Amino acid sequence: MGLQHLSRELMRRCDELGRVSDEPDRLTRTFRSPAMARANALVGGWMRDAGLEVREDAAFNLLGRWPCAGNPRAKTLLLGSHLDTVRDAGKYDGPLGVLTALAAVTALREAGAQLPFDIEVVGFSDEEGVRYQSTYLGSGALAGTLTKRALARIEEKDIERARRKRGELLAYAEVHIEQGPVLESRNLALGVVSGISGQTRVRVEFIGRAGHAGTTPMKGRRDALCAAAEFILAVEKIGVTATVGQIDARPGAGNVIPGHVTHSLDVRDFDDAKRRAVVEKLRRQAEAVAARRNVVLRWTVVQDTGRVACDPKLTRLLHDAASGHQAEVPSLPSGAGHDAAALAAVCPAAMLFVRCKGGVSHHPDESVKTGDVAKAITALRDFVLRLAHESF
Ligand SMILES: [Zn+2]
């Protein structure tokens with residue numbers, strides 16, 4: 001099967017997988033939902049067709065194994081991404097990486113490649129964290145990096161059995177759409193990832209006093225939503241990437257002063273010290289707003305993960321492999337989180353970004369070019385051959 005054929009088949013498969021959804025008119029696939037089970041069955045079938053040994057682990061990750069080393073002590077190279085999506089998603093964020101890995105392995109098998117390690121293609125069961133609001137559930141379970149706080153929140157108590165033995169994994173490589181505009185603006189198909197930005201997520205609550213919208217005088221009101229509004233505009237001006245994406249005002253009626261407002265806060269930066277300093281500055285600003293408006297502030301940090309650097313040696317191999325198909329291969333930081341961040345805790349991890357139209361992601365308009373996908377498949381295939389050469 002030639003590369004053109006593999007890339008066109010991959011695009012068709014992304015279309016088919018894009019119709020496997022929990023909702024009739026838009027793409028939504030979340031951890032352990034009926035659509036996730038159908039997606040694992042569909043992709044598992046494609047893995048079997050490619051000659052891989054297919055299983056689901058205790059965290060519902062889909063794994064297709066090629067035991068090419070023929071040696072029970074050989075290490076495993078893990079290639080893949082995630083199969084879950086956000087709500088109203090595009091069809092490439094996640095599946096592109098799983099299917100590129102499968103296509104690269106198909107090309108290697110058909111060429112009769114002899115490798116000193118085994119390969120597993122993985123489709124992680126939960127990266128987006130829609131169901132439990134905690135990211136990297138599938139890859140975190142496999143890497144054994146889930147925190148007690150994350151484990152306490154979930155119903156699937158056996159998930160920890162998905163943890164792989166220490167030293168079993170040789171490396172992890174992931175192909176993903178860029179989710180940003182840099183590659184497109186430079187007219188390039190591929191880029192390597194230098195690292196994944198750290199992030200802090202905070203649940204912010206302002207607690208004031210509800211009251212009648214018609215009879216309570218404006219002076220002396222303790223309006224929790226006005227306090228939140230003032231703070232959210234301060235977040236916008238803080239000078240790093242910071243977002244409030246969710247807000248809930250109680251009691252939630254048009255004729256009642258909001259007494260209790262809860263909203264999210266997401267702060268990201270590549271410099272961990274700077275990010276933590278900014279979060280602390282925002283907390284003090286929220287306190288000042290609350291004091292001025294005579295409301296109470298509750299500040300709960302729900303996630304605080306540091307920057308993750310991709311492995312320099314593995315990234316160089318990926319860079320050199322991509323250089324065979326593109327004169328200049330830039331190195332980009334990733335503002336979005338990825339499964340590679342969880343895997344980097346237990347083995348060398350590297351990522352390859354593929355240009356996406358307008359930098360759009362987490363939206364049905366996600367779009368990639370077949371020619372770029374063909375380059376990504378070849379780059380990943382050549383990366384595996386280069387890694388094999390270095391491992392000998
Ligand atoms: Zn993703």
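Predicted model: local features only at pLDDT ≥ 70, side-chain atom pairs only at ≥ 80, totals over all residues.
Which residue stands opposite Val354 in strand 16? Leu190 does.

Residues are numbered from 1 along each chain as its sequence is written.

First, the domains. The chain is assigned domain 1, covering 3–196 + 308–391, and domain 2, covering 198–305; such bounds come from an automatic or database domain assignment. The centres of the two domains, taken over C-alpha atoms, are 36 Å apart. Domain 1 gives 4 residues to the contact and domain 2 gives 4 residues, where contact means C-beta atoms, placed from the backbone, within 7 Å. On the side of domain 1 that touches domain 2, there are 1 nonpolar residue, 3 polar and no charged. For those classes, Ala, Val, Leu, Ile, Met, Phe, Trp, Tyr, Cys and Pro count as nonpolar, Asp, Glu, Lys and Arg as charged, and the others, Gly among them, as polar.

Next, strand 4, residues 118–124. Helices (H or I, at least four residues) and strands (E, at least two) are DSSP runs, numbered from the N terminus. Strand 4 is largely enclosed by the rest of the structure, because 7 of its 7 residues are buried. Buried means 20 or more other C-beta atoms within 10 Å of the residue's own, exposed means 12 or fewer, and partly exposed is in between, with C-beta atoms placed from the backbone. Asp118, Glu120, Val122 and Phe124 point one way, Ile119, Val121 and Gly123 the other way, and all are buried. In general, side chains in a regular strand alternate between the two faces of the sheet.

What are the partners of strand 4? Strand 2, residues 62–66, runs antiparallel to strand 4 and is joined to it by 5 bridges; two strands pair if DSSP finds at least two bridges between them. Here Trp66 stands opposite Ile119. Strand 3, residues 76–82, pairs with strand 4 in the parallel sense over 7 bridges, and Leu77 has Ile119 as its bridge partner. Between strand 3 and strand 4 the chain passes through helix 3, residues 95–110, in a right-handed β-α-β crossover. Right-handed means that, with the strands pointing away from the viewer, the path from the first strand over the helix to the second runs clockwise.

Back to strand 16, residues 349–354, where 6 of the 6 residues are buried, so this strand too is largely enclosed by the rest of the structure. Ala349, Met351 and Phe353 lie on one side, and Ala350, Leu352 and Val354 on the other. Strand 5, residues 169–177, pairs with strand 16 in the parallel sense over 6 bridges, with Ile177 as bridge partner of Val354. Strand 6, residues 190–196, pairs with strand 16 in the antiparallel sense over 3 bridges.

Now the cores. A nonpolar core is a set of buried Ala, Val, Leu, Ile, Met, Phe, Trp, Tyr and Cys residues joined through C-beta atoms within 7 Å. The largest has 91 residues, and Leu352, Val354 and Leu380 touch the most other members. Helix 3 supplies the largest share, 10 residues. Leu380 touches residues including Leu79, Ala104, Val175 and Leu352. Another core, of 19 residues, lies apart, with Val204, Leu265, Val267 and Ala286 among them.

Last, Leu385, in helix 11, residues 370–391. Leu385 counts as partly exposed because it has 16 C-beta neighbours inside 10 Å. Leu385 and Leu108 are 277 residues apart in sequence, but 8.6 Å apart in space, C-alpha to C-alpha.

Definitions and conventions. Contact = placed C-beta atoms within 7 Å. Lists of a residue's contacts leave out its neighbours within four places in sequence.
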